[in-house]
Amino acid sequence: MTSNLTMRQRKLLKKVIMTLIIACFTLIYMFPMVWTLMFSFKNKVDSLAYPPKFFSTPTLQNYIEVWTNSEFLTYTANSLLIAVSACMIGMVLAVPAAYILSRSAYKPKGSKYILFGVLSTRIVPQITFTIPFFIFFRKLHLIDTHISIVIMHLTIILGFGIWMMRSYFLDIPYDLEQSALIDGCTYFQAFSKIVFPLAGPGIATTAIFSFNYSWNEFLYALILTGSRTKTLPLGVYNWVSYESIDYGGLTATAILALIPIVIFYCFVQKGLVRGMTMGAVKG
Amino acid sequence: MKKNKKADAVGLRDRQIARFRWTMLGPGIFVLFLINILPIADTIYTSLFDYYLPMPQDQRFVGIGNYLSLFTEPRFLQSLGRTLVFMLMVVTTETILGFGIALMLTSNAFGTKLFRGILILPIMLTPIAAAFMWRIMYSPTLGVLNYFLEVLGIEPQKWIYGAEQALPSIAVVVTWCKTPFMVMVFYTGLLSVSDEIIEAATIDGASALDILWRIKLPLIKPVFFVAILFQTIDTAKEFDYTQILTRGGPGSASETLSIFTYLNSFGFLKMGYGSASAIILSVFIFVIASLIIKAGGIDFDK
């Protein structure tokens with residue numbers, strides 16, 4: 001039968017089959033995500049049913065519980081405060097530094113070693129930073145303060161920011177600044193008026209990645225936060241007690257925490273791969 | 001006279017550049033040194049001491065003693081081996097799966113953009129939430145995975161609660177969460193292979209498999225290695241998922257090096273011992289990362 005089909009029809013058939021395969025695969029792959037979403041709309045009885053209930057009357061009970069839970073709001077506020085501060089401080093320090101490191105005219109001698117130091121922040125596991133900082137913050141009684149966690153998050157964000165921004169600055173041709181300098185701009189003006197605006201999208205992408213990192217960070221928060229500074233990832237823990245896990249509240253919190261990240265990812269779609277590979281792959 | 005003036009001007013320019021350089025670069029590098037380099041040095045320093053946190057006065061210098069006792073402790077050696085096995089399991093699966101998905105998404109099927117948008121969601125999920133979700137699914141009594149097995153007539157499994165299954169079960173979760181990263185990177189790489197090359201090859205009579213092996217793969221080799229590099233680093237460091245899913249258990253069946261380090265420093269409060277272990281983990285990752293950078297000819301400085 002198929003031999004009677006024209007070239008075009010055969011091509012279309014192939015396309016449809018391929019689409020079906022991808023659709024099936026996506027469905028299977030995304031099952032855990034769908035399951036999470038379903039759990040967040042289940043009532044307490046249904047979430048503990050066995051065999052598991054695939055269809056139950058949806059309820060907003062879990063979301064209402066999360067929202068009316070004053071702790072959840074505190075965690076969100078903590079997460080926001082920490083992520084925004086870490087991200088801002090990180091960018092203020094990283095952007096100018098990255099600019100210098102991207103221009104051979106300004107680079108100091110031995111910038112190779114600086115770059116190696118920057119890259120090593122991505123390689124060294126977080127646990128290595130945790131020990132000295134924990135001892136240090138404990139001595140200064142800074143455990144369970146926002147500032148200590150902001151500093152910890154900076155250990156990742158700063159290096160990442162410098163590396164990423166450098167890759168963006170390298171894409172901006174030096175000729176532009178040079179002509180501005182000849183026209184009488186100071187070095188600083190050439191940076192702030194010419195290069196900075198051009199680097200806008202890169203700065204946005206880097207900032208969003210930094211925010212995302214801080215928002216989801218777990219290890220530092222686990223070790224350094226207490227009742228006053230718990231962040232959202234630790235807030236998820238609140239639904240877990242020794243006797244049982246409140247699956248509804250837990251999944252609803254997870255879904256709510258996902259929202260800002262999804263929105264951000266929509267914004268940086270173009271810089272996504274670049275951000276994930278520290279500028280090594282330009283999408 | 002004229003020459004002197006010129007030299008003065010150059011000197012002035014140099015001074016201006018130097019001032020500009022250090023006002024811009026100084027603060028960033030200073031903070032980086034303070035919060036990144038110094039702590040690493042401090043961890044190395046601490047690793048030379050026998051330091052039990054509640055009793056700082058009993059601190060005593062032991063040289064490389066901590067390292068020596070680590071390398072004679074079977075539990076440490078096992079966790080080191082487990083980290084390597086875990087890394088290999090996760091990165092291999094992710095690479096194969098990620099490349100497969102990327103190929104599907106670059107085929108001419110309908111709605112590939114939509115599928116791509118959906119398939120990327122797992123990386124955005126807070127690792128903690130994803131790990132808890134899988135814990136629910138892995139539950140031996142209430143979990144949906146064992147329910148599926150039951151429907152298929154297969155014996156229920158212990159998953160993360162079984163000594164032999166714990167590590168692979170964690171690997172499944174990490175793979176699930178991180179494969180989208182591989183997909184995105186490979187996808188970008190595959191899109192950069194120009195249609196003309198492929199068309200030319202097709203005209204020359206190359207089969208689809210030839211095009212994949214002889215043209216697409218070699219062309220995206222650098223991208224391939226970058227993806228593998230980052231995933232390898234992250235998997236070797238991996239802490240969040242393991243901590244939520246098993247805490248290294250049952251017993252120490254899924255205890256990787258980062259969990260071992262965490263347990264020794266913040267569980268047993270043996271800061272010196274923990275520091276030594278952290279340094280070994282760092283060196284371990286450094287060595288593997290450099291090998292991958294060399295093998296793939298990755299050039300970050302471009």
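1. Domains of chain B. Chain B is divided into domain 1 (2-41) and domain 2 (65-296), with bounds that come from an automatic or database domain assignment. Between the C-alpha centres of domain 1 of chain B and domain 2 of chain B the distance is 42 Å.

2. Basis of the note. This is a predicted model, in which local features need pLDDT of at least 70 and side-chain atom pairs count only at pLDDT 80 or more, while totals for chains, interfaces and linings use all residues. Residues are numbered from 1 along each chain as its sequence is written, chains are lettered from A and ligands numbered from 1 in the order in which they are written, and side-chain values use heavy atoms, with hydrogens and water left out.

3. Secondary structure. Chain A has 15 helices and 0 strands, and chain B has 14 helices and 2 strands. Helices (H or I, at least four residues) and strands (E, at least two) are DSSP runs, numbered from the N terminus.

4. Overall dimensions. The radius of gyration of chain A is 25 Å, whereas a compact globule of 283 residues would have one near 19 Å.

5. Burial and surface. Of the 283 residues in chain A, 55% are buried; of the 302 residues of chain B, 53% are. Buried means under 20% relative accessible area, exposed over 50%, and partly exposed in between (1.4 Å probe, protein chains only). Chain A has an accessible surface of about 13,100 Å², 70% of it belonging to carbon and sulfur atoms. For chain B the surface comes to about 14,300 Å², with 66% belonging to carbon and sulfur atoms. These areas come from the Shrake-Rupley method with a 1.4 Å probe, and for residues only the protein chains shown count as cover.

6. Contacts along the sequence. Among contacts with a separation of 6 or more, residues 24 or more positions apart account for 70% in chain A and for 69% in chain B. Contact means heavy atoms within 4.5 Å.

7. Charges. Chain A carries 22 positive and 11 negative side chains, the centres of the two sets lying 13 Å apart. In chain B there are 24 positive and 21 negative side chains, with centres 12 Å apart. Lys and Arg count as positive and Asp and Glu as negative, while His and the chain ends are not counted. A charge is placed at NZ of Lys, CZ of Arg, CG of Asp or CD of Glu.

8. Thr112(B). This residue lies in helix α4 (residues 112-119) of chain B. Thr112(B) counts as buried because its relative accessibility is 14%. Not counting residues up to four places away in sequence, Thr112(B) touches Ile22(A), Met104(B), Leu105(B) and Ser107(B).

9. Ser252(B). The loop between α12 (240-245) and α13 (257-267) of chain B holds Ser252(B). Ser252(B) has a relative accessible area of 19%, so it is buried. Leaving aside neighbours within four places in sequence, Ser252(B) is in contact with Arg75(B) and Arg82(B).

10. Pro260(A). Helix α14 (residues 247-267) of chain A contains Pro260(A). With a relative accessible area of 24%, Pro260(A) is partly exposed. Pro260(A) and Asn212(A) are 48 residues apart in sequence, and their C-alpha atoms are 8.9 Å apart in space.

Terms used. Rg over C-alpha atoms; globule rule 2.2 N^0.38 Å.
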